[in-house]
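User: Could you walk me through reading pockets and metal sites in a model like this one?

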Amino acid sequence: MPIKKIRLRKLNMELINPFTTSFGTFNDKQFYIIEAEDEQGHVGYGESVAFTSPWYNEETVETNCHIIKDFLIPALQDATIKHPADVDELFKPFRRNLMAKAAVEGAVWDLFAKQQNIPLATALGGQAKTIDVGVSIGIKPSIDALVDTVRKSVEQGYKRIKIKIKPGWDIAPLSRVREEFPDIDMMADANSAYTLDQIDTLKQLYDLNLTMIEQPLAHDDIIDHATLQKVIQTPVCLDESIHSLEDTRKAIELGSCKIINIKIGRVGGLTEAKRIHDYCMAKDIDVWCGGMLEAGVGRAHNIALTTLPNFTLPGDTAASSLYWHQDIISPEVTVQNGVIHVPSKPGIGFDIDVLALEKLTIEQEEFSLQA
Ligand code: OSB
Ligand code: MG
C-alpha cells in the first residue's frame, strides 16, 4: 500500500467546558493530526491523544512531534508497507512513545481501509452497526453541579455515567448521585489517586453499586491492584497500567482487574488494541473503549474499534458537541438514546471538515515518502 506523503498538522481546540481529573484541569487541547496520502489521492487520518503536560502518562504534544518527525517518519521512508500491522512491527525498535506511534499507525489504517473501499470497522473485523456509549464527568466545584451534570447526561440517554473521583471527592458526591439516580449504570475513575492505605474508602464504594472502579492505584502498578481486587467486591478496571497485550496478560493472570479499558493511543495503535481485545475475549474479560478528549478523527477511530464483539460495556466516546464548539469532521459524532450509528462510508466513515481543519491548524509540515 504505497504512501506518497505524510502531513503533520498541529491543532489547537478550546473545550466547551473545562474538564478536571484527579491530576489536573484541561481547558483546551493541542494535538497532532497525521495525514497519510497515496498516489490516487486517498488520505488517511490519525490523531494523537497526548496532552500538553505529562500528567496522564509521560508523553506530550512536543514529545509526539519529536518522535514522529525524527524516528517514525524516517522509518516509514525506508520501509515497504503492505498492511497497517507492518507499521506496528516497524515501530517496535523504538521504545514506548505509544501515542505517537498510534497516531501514525491510525492514519495508515484509515488509508488502508479507503484503498480497499471498506469502512475502518470492517477492516478491523468489527460487525456492530451501533455502539453503546456512556459519558465521563469531571470533578465539579460542588456536589450540586455534579448532580446537574449527571441529570443532563441521563436525560440525553447516555448508557453509563462515569464520575471522576479523588481523595476528598469520592464517597460524598457518589452517594448523593446514587440517592438521586438509584438505577443508573454508574462507575468511578480515580486516575491513580489512591494507595492501599486508603483501602477503607475503596471498600465503601461497594454500597454504591458501581459497575467498576477505574484505575484506583498507581499508574504503573498491577501488584497492588491485585491485592485490592482480592478484598473489594467492586470490579477493578485498569486504564493507565495497560500499554500492551503483555501488560494485559500479566494483569489478568495476577487478578489485578476484571475489566480493561482499551485506549488506542495508550497501547500504541489499533493493531495492538485489537490483539488486547481478542485476548480479553478469549479470557472472558469485558472491555470498553476509553476516551482522551479526542477531536473527531480520534473519536471516529474509537467508534470503529468499538464495533469488535467483546466491547460489551459502554465506552467514553460521547457526542462531539459535549466537547467542541466545532469539530473537524462532518457530520460530527452524535448520540441518540446512548447509541452511535456506525458510519458505513470507507475508512473512518466521516468526512473531514476541511475549513474547520484549516482554521484550527496552528502549524503544519509535509514529508514525502517516495522519490
Ligand atoms: O482516565 O479516562 C481517563 C480524560 C483525560 C484523561 C484521562 C481520562 C479522561 C476521561 C475522559 O475520562 C474521556 C473522554 O470523555 O474523552
Ligand atoms: Mg481513566
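User: Which residues lie nearest the centre of the largest pocket?

Analyst: Rolling a probe the size of a water molecule over the atoms shows where empty space is left. A pocket here is an open set of points on a 1 Å grid over the protein atoms alone, where a 1.4 Å probe fits, with protein on both sides within 12 Å along at least five of seven lines; lining residues have an atom within 4 Å of a point. In this case 17 residues line the largest pocket, with Asn17, Ser136, Lys140, Thr149 and Leu322 nearest its centre. This is a predicted model, where local features need pLDDT of at least 70 and side-chain atom pairs pLDDT 80 or more, while totals for chains, interfaces and linings use all residues. Residues are numbered from 1 along each chain as its sequence is written, chains are lettered from A and ligands numbered from 1 in the order written, and side-chain values use heavy atoms, without hydrogens and water.

User: Which element gives the largest share of that lining?

Analyst: Strands (E, at least two residues) and helices (H or I, at least four) are DSSP runs, numbered from the N terminus. β1 gives the largest share, four residues.

User: And what are the protein donors of the magnesium ion (ligand 2)?

Analyst: Donors are N, O and S atoms within 2.8 Å of the metal (3.2 Å for Na, K and Ca); water is not among the atoms, so sites may look incomplete. Here Asp189 (OD), Glu214 (OE) and Asp239 (OD) lie 2.1 to 2.3 Å from the ion. Because Asp189 lies in strand β7 and Glu214 in strand β8, this pair ties together parts 25 residues apart in sequence.

User: Are Asp189 and Glu214 buried or exposed?

Analyst: Both are buried, meaning under 20% relative accessible area with a 1.4 Å probe and protein chains only; exposed is over 50%, partly exposed in between.
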